[in-house]
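Colleague: Could you take me through this model, starting with the overall fold and then turning to how its helices are held to one another?

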Amino acid sequence: MRKNHILIVLMTALISMHMIFTILYNMPVTPFTKKYENITNSYMKPLFEQNWNLFAPDPVSTNTKLNVRFVSGSQTISKAEWYDLSSKYHKYSRTQYLHPYLFKNSILTQFENTILKDSSLVNKKNPHNSENIIFYRENSDVYSIYQFVYDELKKDGIKPSKIQIRYKTEYFSSYGRNDKSSYEITYLPIVSSNEIEETRYEKNHE
């Protein structure tokens, strides 16, 4: 009986804490909310971040997937097949809410918008510039997503010598129209495992 009381107290405390953070996160900006902004954001993001796109005047009309291809040794990466990483994580995150892939899917989503926006900006200056290794070295989100994918491959027993990532965005037809979807592909650079390890070392020792 005492164990049940302890469990109820713990659950009440957790729910209360979650409600307090949610209220602070959604409150208008004030000196009080600004003071605790870093703490609130660290709790809410990425799992509990609010996204109201569904209710906006222009609902979400795209679907973006992260693809990765890789090779081991001295193989040519241009001949490697693309692997749909987003679908793998999305599948489990929608059916098993406590599955680790829920968090991993949130990580992919967290980087997606920023990387695509930055890719668009650099590609306007010079087409396909996002495929340049400089884009990897100068963009923290880009090298972070490469390190995430690299670590995930290693967990699966894969030791890639080179990795390339791309985003494949599907644009749906307007509501009420039967037009076919259109697609846009944004390529990121080919990055070696040595480059990924060196970048990690440099960032850890800054």
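Modeller: Among contacts in the protein chain (heavy atoms within 4.5 Å) between residues at least 6 apart in sequence, 58% join residues at least 24 apart. This is a predicted model, in which local features need pLDDT of at least 70 and side-chain atom pairs count only at pLDDT 80 or more, while totals for chains, interfaces and linings use all residues. Residues are numbered from 1 along each chain as its sequence is written, and side-chain values use heavy atoms, with hydrogens and water left out.

Colleague: Which elements does the protein chain have, and in what pattern along the sequence?

Modeller: Helices are DSSP runs of H or I with at least four residues, strands are runs of E with at least two, and both are numbered from the N terminus. Here the protein chain has eight helices and four strands, following the pattern α-α-α-β-β-α-α-α-α-β-β-α.

Colleague: How should I read burial, and which residues of H7 are buried?

Modeller: Buried means under 20% relative accessible area, exposed over 50%, and partly exposed in between, with a 1.4 Å probe and protein chains only. Buried residues make up 30% of the 206 residues in the protein chain; in H7, which spans residues 140-155, the buried ones include Val 142, Ile 145, Phe 148, Val 149 and Leu 153.

Colleague: What is found at the start of H7, and what just after it?

Modeller: At the start of H7, a side-chain oxygen of Asn 139 comes to within 3.0 Å of the backbone nitrogen of Asp 141, whereas just after H7 Gly 157 adopts a positive phi of about 85°.

Colleague: How many salt bridges does a search of the whole structure find, and which residues are linked in a network of them?

Modeller: A salt bridge is a side-chain nitrogen of Lys or Arg within 4 Å of a carboxyl oxygen of Asp or Glu. The search finds six, and Asp 151, Lys 154, Glu 197 and Arg 200 are linked in a network. One of the pairs is Arg 200 with Asp 151, at 2.9 Å from N to O; Arg 200 lies in helix H8 (residues 193-204) and Asp 151 in helix H7, so this pair ties together parts that are 49 residues apart in sequence.

Methods. The expected span of a helix is 1.5 Å times one less than its number of residues. A polar contact is a pair of N or O atoms within 3.5 Å; within protein, one must be able to donate a hydrogen and the other to accept it, and residues adjacent in sequence count only if both atoms are side-chain atoms.
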